[in-house]
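Here is a short briefing to read alongside the structure. Take a moment to look the model over before going through the points.

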Amino acid sequence: MPSETTTDPLSRLPHQQIGDSATELADCLAQAILSGHWQSGEAFPREMDLCSHFDISRNRVRNALGELSAVGLIDRTAGRGSIIRNISDWHLLAPQMSRWMAGLNTPHPRLIHEVFAFRLAAEPYISELAATHASGDDLSRIEKAFHGMRETAGQQDQRLSHSEYDVAFHDAIYRASHSLIWRQMGMLLRPAIMALIQRSHDHAVDLAESLDHHRQLLDAIRLRQPSHAREATQQLLQRTARDLALEQVAEDSLPSPQALDNTRAVDIKDHR
């Protein structure tokens, strides 16, 4: 059963001017939901209240709510209004979701959790593919992004640029996998990954360890060492987990450091 909110749902909406457009209203409402202003099962503002709050026609409000409903953000029931759906019902790979997530300053905590879980599951394997299939142009893109990260690390006025280079680094690895599906997944989730990386940088005490993990990953791809690329990615994500206080997610999904050391020892023995 949906939970009943004890505060006015309108109080959680931004007081901002929007144009007389259903799309602009949908953008505003979706970003409020994706930022965690409501919990699943809570009531969403009524149509007439939205009309008054934003000074927009009821027809455009209905169109905007229809767009939110189509991607699973809200559940609309005639005569009962709308409620926030569970994040597991959100269509995170819908094209408009990518646009909405690109404008988020503070993503929903559960959204951070889910995007990080995706990275844990996918990126070690994608790095293996990159180490196997990367072309000269792919390596050039990865190296360029890493050099940008290194040059902007620790500079307060370059924090956004550092995050953008970090995203470009991982985007180039997705591209170097030469898998159309993984490449498309990376593109669709790019805004959410950007938000995750920015949040990680905000909480990081020292970027030196992160840079070292990125360098190890670059070296493994350059030297065509798939197992080392997987290991470097896992270590990098473990560091990210510490920065984001998501150690339990990483512990449940990644091998322990001891297991990684054992894997390295086996690799060395096999190459003697």
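The points below cover one cavity and some of the salt bridges.

Please keep in mind that this is a predicted model. It holds four cavities of 30 Å³ or more, as well as 18 salt bridges.

**The second largest cavity**

- The second largest cavity has a volume of about 60 Å³.
- Its lining is made up of Val167, His170, Asp171, Tyr174, Gly186, Arg190 and Ile193.
- Two elements give two or more residues to this lining, namely helix H7 (159-176) and helix H9 (190-203).
- H7 gives the most, with four residues.
- By type, the lining residues divide into three nonpolar, two polar and two charged.

- Asp212 and Arg215 meet through their side chains in a salt bridge, at 2.7 Å from N to O.
- These two residues are three apart in helix H10 (residues 208-222), so about one helical turn separates them.
- Asp212 is partly exposed at 31% relative accessibility, and Arg215 is partly exposed at 34%.
- A network of salt bridges links Asp212 and Arg215 with Glu143, Asp219 and Arg222.

**Two further salt bridges**

- Asp49 pairs with Arg46 in a salt bridge whose closest N and O atoms are 2.9 Å apart.
- In that pair, Asp49 is partly exposed, with a relative accessible area of 23%, whereas Arg46 is exposed, at 57%.
- Asp89 forms a salt bridge with Arg85, with the closest N and O atoms 3.7 Å apart.
- Both partners are partly exposed: Asp89 has 31% relative accessibility and Arg85 has 28%.

Note on methods: Residues numbered from 1 in each chain as written. Predicted model: local features only at pLDDT ≥ 70, side-chain atom pairs only at ≥ 80, totals over all residues. Heavy atoms only, no water. 1 Å grid on protein atoms, 1.4 Å probe; cavity = no way out; pocket = protein on both sides within 12 Å on 5 of 7 lines; lining within 4 Å. Points joined across faces, edges and corners; volume = space filled by probe spheres on them. Nonpolar A, V, L, I, M, F, W, Y, C, P; charged D, E, K, R; others polar. Salt bridge = Lys/Arg side-chain N within 4 Å of Asp/Glu carboxyl O. Buried < 20%, exposed > 50% of the residue type's maximum accessible area, 1.4 Å probe, protein only.
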